[in-house]
Amino acid sequence: MYRVIAKVVSRKGTCGNHKVGDEFIIGEKTPPNVCSGAYNSLFPFAQVMLYGGSFPWAKDPDKTTVACPDPENAVVFELRRTSA
C-alpha cells in the first residue's frame with residue numbers, strides 16, 4: 001500500500017480552514033482540521049491512488065489535482081502518492 005499526501009496549491013476566496021502550503025496525509029481517518037467538504041472531494045481520488053491506480057488525464061501517475069466543491073472559495077489540492 002502507498003501513502004497519499006494532500007497539499008494546498010491554490011486558494012481563492014475566504015476559506016477558513018486551508019492556506020497554500022498546508023499538507024496532510026490521507027489515510028484511514030479524516031485528518032484534524034480538514035474541511036469535510038474538501039475531504040469528501042479528495043477521498044475517492046486518494047483511495048484510487050492508495051491502491052496503485054492512476055488517472056488518464058494526469059501527466060504523472062503519482063500526482064493529480066482535486067478542487068474543493070465550494071465555488072465561491074475554491075481551494076485546489078495536489079495529491080501525491082509516496083511509498084508507505
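Biologist: Which residues touch the most other members in the largest nonpolar core?

Modeller: Ala6, Phe24, Ile26, Leu42, Phe77 and Leu79, out of 20 residues in that core. A nonpolar core here is a set of buried Ala, Val, Leu, Ile, Met, Phe, Trp, Tyr and Cys residues joined through side-chain atoms within 4.5 Å. Buried means under 20% relative accessible area, exposed over 50%, and partly exposed in between, with a 1.4 Å probe and protein chains only. Keep in mind that this is a predicted model: local features need pLDDT of at least 70, side-chain atom pairs count only at pLDDT 80 or more, and totals for chains, interfaces and linings use all residues. Residues are numbered from 1 along each chain as its sequence is written, and side-chain values use heavy atoms, with hydrogens and water left out.

Biologist: Which element gives the largest share of this core?

Modeller: Helix 1, with 6 residues. Strand 1, strand 2, helix 1 and strand 4 each supply at least two. Helices (H or I, at least four residues) and strands (E, at least two) are DSSP runs, numbered from the N terminus.

Biologist: What does Phe77 contact?

Modeller: Beyond its neighbours within four places in sequence, the list includes Ala6, Val8, Phe24, Ala38, Leu42 and Val66. Contact means heavy atoms within 4.5 Å.

Biologist: Now the sheet. What is the strand order?

Modeller: The order is 2-1-4-3, in an open sheet of 4 strands with antiparallel pairing. Two strands pair if DSSP finds at least two bridges between them.

Biologist: Which strands stand at the edges?

Modeller: Strand 2 and strand 3. Each has a single partner strand, so one side of each has no neighbour in the sheet. The twist averages 30° from one strand to the next.

Biologist: How many bridges join strand 1 to strand 4?

Modeller: There are 9. Val4 stands opposite Arg81, and Tyr2 has Ser83 as its bridge partner. Strand 1 and strand 2 pair over 4 bridges, with Lys7 opposite Glu23.

Biologist: Which strand 3 side chains are buried?

Modeller: Thr64 and Val66, which point to one face.

Biologist: Where does helix 1 lie?

Modeller: Helix 1 lies across strand 1, strand 2, strand 3 and strand 4, at about 25° to strand 4. Axes are lines fitted to C-alpha atoms, for helices over the stretch in contact, and angles run from 0 to 180 degrees between N-to-C directions.

Biologist: Loops next. Is Asp22 buried or exposed?

Modeller: Buried, with a relative accessible area of 17%. Asp22 is in the loop between strand 1 and strand 2. A polar atom of the Asp22 side chain lies 2.9 Å from the backbone nitrogen of Lys19. Apart from residues up to four places away in sequence, Asp22 touches Ala6, Lys7, Val8 and Asn17.

Biologist: And Asn33, what is its phi?

Modeller: Near 65°, a positive value in a residue other than glycine. Most residues other than glycine have a negative phi. Asn33 is in the loop between strand 2 and helix 1. Asn33 is exposed, with a relative accessible area of 69%.

Key. Polar contact = N/O pair within 3.5 Å; in protein donor to acceptor, adjacent residues only side chain to side chain.
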